[in-house]
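Please keep the sequence and the model in view while working through them.

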Amino acid sequence: MNTKLVNFSLIKYELRNISGNIFTIIFGVFFPILMSSLLSPVFIKDVPEEYKSIALTSCFISFSCIIPLATVFIGYSAVFSQELQNNIPIRIKLFGYTEKTFLFSKISANLIFVTISFFIYSIVNYFVLDIKTPTLFSGSILIISLYILTIILFILAHGIAIILKKFAPTYAITMVLYFAIMILSGMFGVTPDSFPKVLQSIAYTFPTTYICNDFIDFWNGSSYNFAPFIQSTLFFLSVS
């Protein structure tokens with residue numbers, strides 16, 4: 001039995017699965033670029049000129065959350081639910097791979113893909129939008145937060161797929177939750193404070209809400225209270 005935790009052949013296999021999923025490519029690579037580079041100027045058209053750079057930077061930070069949401073929550077859940085239908089995990093075990101190796105390969109491949117997608121997203125927006133350059137600390141915090149979000153969404157997507165075991169219901173539920181998180185986090189131009197109290201309470205349980213609305217506050221080195229963001233991340237992890 002192959003008991004090694006890291007297996008590069010399996011990681012390559014999982015990367016091929018991710019890159020071969022058209023939904024992941026569309027929603028995880030092109031959609032965030034479309035939202036940020038084409039729609040951000042529309043969203044900020046009424047913002048005073050001196051604040052437009054800050055507003056564009058805020059949009060850049062907000063739409064970066066789409067990458068792990070689409071890649072992992074939509075893409076991975078869709079692929080894994082199809083694998084469950086076709087008994088792929090059982091076949092993988094017959095080749096001597098442990099479940100830990102199998103899962104580690106999947107999450108590693110997703111983290112690699114998120115990294116590549118975020119790099120492309122950042123390069124395109126750097127040339128298209130007037131984005132304020134972050135400090136080393138704030139840029140690192142955003143990247144680390146996206147990695148943590150990727151891991152949490154992986155756990156949640158994996159659990160939903162395991163419970164439902166079929167592509168159609170898994171895809172339907174994750175797609176509904178995907179847009180719900182985007183809307184409640186403020187990615188469509190409506191801030192969480194504009195929602196009714198009940199929806200506000202739900203919105204602030206998502207770490208994406210703090211990334212989208214608060215991370216701009218410390219982007220250029222200002223102080224920021226991370227406690228609510230950490231609490232929401234821990235809560236979201238516990239639910240997952």
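1. C59 counts as buried, with a relative accessibility of 11%. Here buried means under 20% relative accessible area, exposed means over 50%, and partly exposed lies in between, using a 1.4 Å probe and protein chains only. C65 is buried as well, at a relative accessible area of 0%. The model is a predicted one, in which local features need pLDDT of at least 70, side-chain atom pairs count only at pLDDT 80 or more, and totals for chains, interfaces and linings use all residues. Residues are numbered from 1 along each chain as its sequence is written, and side-chain values use heavy atoms, with hydrogens and water left out.

2. How many disulfides are there? A disulfide is a covalent bond between the sulfur atoms of two cysteines. In this analysis, the term is applied to a pair of cysteine sulfur atoms within 2.5 Å, and by this rule the count is zero. For C59, the closest cysteine sulfur belongs to C212 and is 9.9 Å away, which is too far for a bond. C65 is likewise in no disulfide; its nearest cysteine sulfur, that of C212, lies at 4.2 Å.

3. Salt bridges come next. Side chains of opposite charge can pair when their charged atoms come close. The criterion for a salt bridge is a side-chain nitrogen of Lys or Arg within 4 Å of a carboxyl oxygen of Asp or Glu. A search of the whole structure finds three of them. One joins E14 to K106, with the closest N and O atoms 3.2 Å apart. Because E14 is in helix α1 (residues 8–19) and K106 is in helix α6 (residues 99–128), this pair ties together parts that are 92 residues apart in sequence. Helices are DSSP runs of H or I with at least four residues, strands are runs of E with at least two, and both are numbered from the N terminus.

4. K106 also forms a salt bridge with E83, where the closest N and O atoms are 2.7 Å apart. E83 lies in helix α4 and K106 in helix α6, so the pair ties together parts that are 23 residues apart in sequence.

5. E49 counts as exposed, at 59% relative accessibility, whereas K52 counts as partly exposed, at 23%.

6. A nonpolar core is a set of buried Ala, Val, Leu, Ile, Met, Phe, Trp, Tyr and Cys residues joined through side-chain atoms within 4.5 Å. The largest such core has 66 residues, and I66, L142 and Y178 touch the most other members. Apart from it lies another core, of five residues, among them I11, I18, A109 and F113.

7. Helix α8 (residues 167–185) has 19 residues and reaches 26 Å from its first C-alpha to its last, close to the 27 Å expected at 1.5 Å a residue. That expected span is 1.5 Å times one less than the number of residues. Buried residues of α8 include T170, Y171, M175, Y178 and I181. Their covering includes α2 (22–43), α4 (66–85), α7 (136–164), α9 (197–203), α10 (207–214) and α11 (227–239). Contact means heavy atoms within 4.5 Å; leaving aside residues up to four places away in sequence, Y178 touches F27, F31, I66, L69, A70, F73 and I74. After α8 comes G186, whose phi is positive, near 95 degrees.

8. Where is Y224 placed? Y224 is in the loop between α10 and α11, and at 18% relative accessibility Y224 counts as buried. Not counting residues up to four places away in sequence, Y224 touches Y210, D214, D217, F218 and F229. The side chain of Y224 makes a polar contact with the side chain of D214, at 3.1 Å. A polar contact is a pair of N or O atoms within 3.5 Å; within protein, one must be able to donate a hydrogen and the other to accept it, and residues adjacent in sequence count only if both atoms are side-chain atoms.
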